[in-house]
Amino acid sequence: MRHAVICCCLMVLLSSSPGAAELPELSDIPGAEAGLVVMVNPADHHDAARIAGGGRHVVCVLSADAARVRELDQAFIEAKVHPVADAHRWWDPSRLPFRDHSVNVLVVEATRAPNLDEREIRRVIAPGHGVALVLRDGEWRKFRKDRPAEMDIWLGWQRDARGHMGGDDKLVGPVNSYQFLAGPRTARFTPLVTERIALWGGIARDPFSGVILRARNQHASLWRGGDFSDGRRLYLLSRIGRDGIVPVQDLLTGEAVPGGLALGEDFKRNEGINYCGRRWNQVHSDGERIYWTNGRHAVRAACTQTRERLWETTFTQTVEQCASDGDIVVVMLTENNDHPIRGMFDAHTFNVAVAVEGLDAATGQERWRNTDVAGMPSNFLGIGQGTAIASTYLVGPNKRERAQRPVSQQGAGYDQYAANRMVAIDAATGKSRWVRRDFSDIDDYNGRQSIAIQPGMAILVGEYHVNLFDLASGRTLRTITVATDGSTSGHGYEGQYHAVTPRWYFKSTGAAALDGKNPPDLRGHRLHSQRYDTRPTPANGMLYTEPMLGTLHAHNTLSIAAAMINREPSKPLDDNQRLLVRGRAEGVADPLLRDWPTFRGDTRRNAWSSADAPAEPKLVWEARLDVATGPASARTLQQGWRFNPNVPGPLTQPVADGQRVLVAAPDAHRLDCLRLSDGEVLWSAHFGGRISGPPTLAGEVAFVGAGDGTVSAIDLADGKVIWRFFAAPTDELILAHDQVESVYPVPSPTLHDGRLYVTAGRVGALDHGVWIWVLDPRDGRVLQRGTIGAGAPFRVNDILQVHDGQLQLFGMVIDPKTLALSRAGHVRHGNTDTEAPHPIPDGGGIRGGSTWIRPSDQWMGYNNDINAGVVIRSDGLRVDVHTWNDRYLTVREGGRERIINIPHHPFDLVQSVAGAGERLYLAGEKAGKIRLLIVEPATGSHRHVDVDSLRPSSRGIIPDGRAVVHRIEGIRGHEADREYVIPDGIAISHGTIIVTTSAGRVLAFR
């Protein structure tokens, strides 16, 4: 399905202002005040620099001339707006290299883009609020397009007041491409999506381009439910006070609405809204009214405009659930049952549903009462299509479990409430249309997790299946298997993490067609790797995801949200066009054993050096590098790493030879070369995209992969480009990490056996997958090419590893002859002390220069057991290092384990580990200082060196001049407002230990 083809009229409005040849001020054009600006073949760079300098736009300039692209980038660097303003090559003069609907402002001079037609302009601009400015005949003309009626929005955990996970978007389908990737600041929030805003917590983005519109101090929402919107205002339930006052903001501007929303004194923080039992969605709005319950015996309503109380209805039973649709409000009533529930939770009491009542939405008066419900409710009351659906699940063992019990126990008292049922109620009369009882033969117990209502269908989502029923009769239409990949086995939450549209069922691992026509394999359309507890949000013809750890970039463990679409990838470029800069590198040579030329030291990623390293290291120099990235830096780009230990800092891990240290500033698109002896910056080189990993050194040449889809050979003498190769399959661009970059970024290349291995792409299952190139390192000539395509397992692109003659890419073995996935399958990882070494764990993410962590439900550093990393010594012995129980360091060598007792916990956070000789060097943070811990496992001796940190400011200025505290809560709970100063990488070269930190510093110890 290609949702770019939409039925909309193009409105052409001629500007009547004097001096029409001058570009209009974007702040004067509704919808163009912020977002992604694309300028096609402009005559000069001044307009782009001015727009980027305003701080509310990300600007991308397209030029067909490669030399012109370099000139523009240099001009932006000198104007101090790079990379907020960035230039990219325009390959096809008849096509714009952007996704459908993804551009907020398109600026085109008709005479400079004669092959660009109106249909292509219309394709890329955002519907409703996007605008194209076309200079023709000396006048600027404004083009807009209507928003398709088939697009929907999503205003809360369950979309809206209807109380179920059903949306109305008819354009969304199984995804195969990225629309944008949200940057690393985002904490874990369920997105709220409207026509103009995609909101993750306090971070509001344009829903089509992903550009940040505002960032505000915001507490973390409940991890399910929480904040909601009525389409115009945002109600911050996550910040409810003990007086029952909910802060309210204007959804579009973020401005506080005076007075807030008064829920009542009996609706206090940690009482009315709790992640406990069935109180996840107690407050919602249908746009006209706000409804809420106090978790006890009342339902209340207020006007959304004035927020004045309209009515309150009380009951003798407890109000368990509440939902509304039009002029009716339905509530589920329960009474307490003191019966212990065996087979699920021993010795607990739960409420049992006794009735569903329909209330008049305007007055709160009872219209009808239905008593056909029974059993334990949990988030299973919804209304839609003129029907209220109430679902309860059994509170005792299911059929299968009862059959396995002794006969004397079958039918015993604890089975008396085992009455799974689903009741469809006519919303007008309150009469039951049908009742379905006991679905334990379809689903295991504990699987009745959520419902959705779609045209003609009632949908019950369980832990292992999705059951579709005819809405009129209750007849079973279809059953879809949910846990196709085993990732949800054993979890009772699956039904809470899904979304349903008129045709599609979505979960974190894929999609299935409700009508059964050509249903895709859920495993073939994964959104996240090995995670069951994320729910995609269908809106605006896309799927928006919650931020997750370690799912999109293995070598940078990020917390990333994304928007994804269903589209056909563009045709790959001709390979003959790919060598952008031609030259020949004569100084390519294998590095010395005493060098640290690549990520983790060598192509096996062993993190071990043969160089002598000091037993009593001292700080000999430090370099403070410029990591500013233009006007947007105070608003977005560099704030995440200050507070989130799982987000990489402003510098990559270091690499070094006997003369130089190289480190990149990813967000600044810059590579710095420092002298190893004293830290003086010898030269700096800028690139067309983020540099997400360290370069690879080979003699007098450095090989650098960048986010613009290129790999470059750089002369180490002066930083000049020798040759540059475009490795991306196509020229497509998206917003990623708050900057414009290729859909197919290139991580650090790998040099092995005289051949340079380059990977381009993000995920094998999306877009054109991951392309693998083999290049001649001397001149960039193509020797071989392979592809990991959509049929591959859901694996992210990463830095290639070479071990025993095998190419390994994040747990996959690549056949060196064909560059395809080997039939041998996945790498067997060294998870025991005697297995072959492999430092990158399956499903894990590399973090820091010489370490990895395993993504889990615990944030790194939160618990007492912290994986510090793996070192593979020259004799092949694997050494696992982790801190344990607050004051111990555990070192495992082969089959031996040594526990080193340290009087006090050595680190608050430990990020990197490297080995040299018989010593281990761990870099971490302790009490706001950088700590280098030196350990000799053989003797158990240890000592440390502390370095005072340079703390970045905790305040920033967003473009409208308001000061905000850049604070993301929910990262580590009570330490959410803490600024982290973290060592991001470690290298050992020629007796020198080099550490990069999150404060933009490079430290050298000898």
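Analyst: **Charged and aromatic contacts**

A search of the whole structure finds 42 salt bridges, each being a side-chain nitrogen of Lys or Arg within 4 Å of a carboxyl oxygen of Asp or Glu. The model is predicted, so local features need pLDDT of at least 70 and side-chain atom pairs pLDDT 80 or more, while totals for chains, interfaces and linings use all residues. Residues are numbered from 1 along each chain as its sequence is written, and side-chain values use heavy atoms, with hydrogens and water left out.

Asp168 takes part in two of these contacts. Its side chain meets that of Arg159 in a salt bridge with an N to O distance of 3.8 Å, and that of Arg162 in another, at 3.7 Å. Asp168 has 29% relative accessibility and counts as partly exposed (buried is under 20%, exposed over 50%, partly exposed in between, with a 1.4 Å probe and protein chains only). Arg159 is buried at 10%, and Arg162 is buried at 13%.

Another salt bridge joins Asp946 to Arg931, with N and O 2.8 Å apart. This pair links distant parts of the chain: Asp946 belongs to strand β72 (residues 941-948) and Arg931 to strand β71 (residues 929-936), 15 residues apart. Strands here are DSSP runs of E with at least two residues, numbered from the N terminus. Asp946 is partly exposed, at 33% relative accessibility, whereas Arg931 is buried, with a relative accessible area of 11%. Elsewhere, salt bridges that share partners join Arg584, Glu586, Asp776, Arg778, Asp779 and Arg781 into one network.

The aromatic side chains come next. The count is 10 aromatic pairs, where rings of Phe, Tyr and Trp (its six-membered ring) pair if their centres lie within 6.5 Å, with planes under 30 degrees apart called stacked, over 60 edge-to-face and the rest tilted. In one of them, the ring centres of Phe725 and Trp773 are 5.0 Å apart and the planes stand at 75°, so the pair is edge-to-face. Because Phe725 lies in strand β52 (residues 721-726) and Trp773 in strand β57 (residues 770-775), the contact ties together parts that are 48 residues apart in sequence. Both partners are buried: the relative accessible area of Phe725 is 2%, and that of Trp773 is 0%.

Trp773 also pairs with Trp771; with ring centres 5.8 Å apart and planes at 45°, this second pair is tilted. Trp771 is likewise buried, at 5% relative accessibility. Trp773 therefore has an edge-to-face contact with Phe725 and a tilted one with Trp771. Apart from these pairs, Phe180, Trp200 and Tyr544 form one aromatic cluster.

Arg89 lies over the face of Trp91, 4.2 Å from the ring centre; a charge sits over a ring if NZ of Lys or CZ of Arg is within 6 Å of the centre and within 35 degrees of the ring normal.

Definitions and conventions:
Helices (H or I, at least four residues) and strands (E, at least two) are DSSP runs, numbered from the N terminus.
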